[in-house]
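Here are my notes on the model, point by point. Please read them with the structure open.

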Amino acid sequence: MKDELPQLLPAHLGIIMDGNGRWAKRRGLPRSAGHAAGAANFKKITRYCSKIGIRYLTVYAFSTENWTRPAEEVSALMTLFRKYLEEALRDFRDDDIVVRFLGDTAAFPPELQTLIRETEEISAARTGMVLNIAMNYGGRAELVRAVRSIAERVRAGELAPDAITEETVSSALYTAGQPDPDLIIRPSGEHRTSNFLLWQSAYAEYVIMDVLWPDFGPDDLNAALREYANRSRRFGGV
Ligand code: IPE
Ligand code: IPE
Ligand code: MG
C-alpha cells in the first residue's frame with residue numbers, strides 16, 4: 001500500500017529543515033514568512049513522529065553558519081524560536097516528548113536561554129520520544145568542543161591519550177548516550193550535510209527530497225521511511 005508505514009522504523013531520525021526561504025520567495029513573501037511556515041511545520045511533524053513511534057528525532061533549526069544571514073532575518077528567527085519554545089513547553093507535554101538542545105545555546109538572547117533551560121528541565125522527567133533541537137549547532141564546533149573536554153581530562157591526568165576510543169569521543173558530543181541517526185532526511189533538494197551531525201552520521205542513510213520544508217507533510221515522511229526500510233545497510237560488511 002502506497003501510504004502505509006513500514007515495519008522497520010529508524011530509532012533515530014534526523015531532519016534538516018531546509019527550504020523556508022525558497023518557499024517564501026515562490027509566493028512573493030519575505031523570507032521570515034517562510035520561517036514562520038517552517039516553524040509551524042516543525043510542530044506538526046514532531047508530533048507525527050512521536051505518534052508513529054520514532055524514539056529519537058533531531059531537527060536542524062539553526063546552524064553555526066546561519067548567523068551570517070542579514071540581521072533582520074536572524075532577529076525574525078529568534079522571535080520565532082521564543083514563540084515555538086513557549087508552545088512546545090505547553091503542547092509537547094500531552095505527547096510526553098523530552099526536549100533537548102544540541103549546540104552552543106549561550107549565544108542566544110538571555111530570555112531565549114531561560115526558555116531553553118526551562119524546556120529541558122520541565123520535559124526531562126518524561127518518557128516519550130526524545131526531540132533534539134539543533135540550534136547554533138555545527139558538527140565541526142561540536143567536535144572542537146569534544147576535543148577540548150577530552151584534552152582537559154588528559155591534562156588533569158584522568159585519561160591517557162592511548163585510552164581515547166571512539167566511545168570517548170561519542171560520549172563528549174551533545175548526543176552522548178543516544179544512538180546514532182539511522183536516517184537523515186533533507187527536504188529542499190540540496191545534496192550536502194551543511195555541518196549536521198558529522199560524527200554521528202557516519203553510517204546514516206540519507207534521503208534527499210524535492211519538497212520545501214514548509215510543504216513537507218506526513219506523506220513525505222512516510223515515503224522517506226519506506227525508502228529507508230528498503231535500503232540495504234552494510235556498515236562496511238558484505
Ligand atoms: C532553513 O531554510 C531554515 C534555516 C536555515 C534557519 P532556509 O532559510 O535555508 O531556506 P532556503 O534554503 O533559503 O530556501
Ligand atoms: C542548513 O541549511 C541549516 C538548517 C536547515 C538549519 P542551510 O540553508 O543553512 O544550508 P546551506 O547554506 O544551503 O548549505
Ligand atoms: Mg537553506
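1. Shell of ligand 1, by element. Helix H1 (20-26) and helix H2 (31-52) each give at least two residues to the shell around ligand 1. H1 gives the largest share, three residues. Helices here are DSSP runs of H or I with at least four residues, strands are runs of E with at least two, and both are numbered from the N terminus.

2. Ground rules. This is a predicted model, in which local features need pLDDT of at least 70, side-chain atom pairs count only at pLDDT 80 or more, and totals for chains, interfaces and linings use all residues. Residues are numbered from 1 along each chain as its sequence is written, chains are lettered from A and ligands numbered from 1 in the order in which they are written, and side-chain values use heavy atoms, with hydrogens and water left out.

3. Shell of ligand 1, by residue. Met 17, Asp 18, Gly 19, Asn 20, Gly 21 and Arg 22 are among the residues around ligand 1. The list also includes Arg 31, His 35, Ala 61, Asn 66, Arg 69 and Leu 77. A residue counts as near a molecule or strand if one of its heavy atoms lies within 4 Å of it.

4. Polar contacts of ligand 1. Which residue places a polar side-chain atom 2.7 Å from an oxygen atom of ligand 1? That is Arg 22. Accessible areas come from the Shrake-Rupley method with a 1.4 Å probe, and for residues only the protein chains shown count as cover.

5. Ligand 2. Its surroundings include Ile 16, Met 17, Asp 18, Tyr 60, Ala 61 and Phe 62. Asn 66, Arg 69, Arg 186, Arg 192 and Ser 194 also belong to them. Strand E2 (residues 56-63) supplies the largest share of this shell, three residues.

6. Polar contacts of ligand 2. A side-chain N or O atom of Arg 192 is 2.8 Å from an oxygen atom of ligand 2. For Asn 66, a polar side-chain atom lies 2.9 Å from an oxygen atom of the ligand. For Arg 69, the value is 3.2 Å, again from a polar side-chain atom to a ligand oxygen. On its own ligand 2 has 390 Å² of accessible area, and the protein covers 78% of that.

7. Strand E5 (residues 183-187). How many of its five residues are buried? The count is five of five. Buried means under 20% relative accessible area, exposed over 50%, and partly exposed in between (1.4 Å probe, protein chains only). In a regular strand, side chains alternate between the two faces of the sheet. Both faces of E5 are covered: Leu 183, Ile 185 and Pro 187 are buried on one side, Ile 184 and Arg 186 on the other.

8. Partners of E5. Strand E1 (residues 12-16) pairs with E5 in the parallel sense over three bridges. Ile 15 has Ile 185 as its bridge partner in E5. Strand E6 (residues 205-209) also runs parallel to E5, joined by five bridges. There, Ile 184 has Tyr 206 as its bridge partner in E6. Pairing requires at least two DSSP bridges between the strands.

9. Strand E4 (residues 130-137). Eight of its eight residues are buried. E2 pairs with E4 in the parallel sense over seven bridges, and Tyr 137 in E4 is the bridge partner of Ser 63. Strand E3 (residues 98-102) runs parallel to E4 too, over five bridges. The bridge partner of Phe 101 in E4 is Ile 133.

10. Backbone check. Leu 197 is not a glycine, yet its phi is positive, about 45 degrees. It lies in the loop between E5 and E6 and is buried, with a relative accessible area of 0%. Phe 235 also has a positive phi, near 50 degrees. Phe 235 sits in the segment after helix H7 (218-230) and is partly exposed, at 49% relative accessible area.

Technical notes
A polar contact is a pair of N or O atoms within 3.5 Å; within protein, one must be able to donate a hydrogen and the other to accept it, and residues adjacent in sequence count only if both atoms are side-chain atoms.
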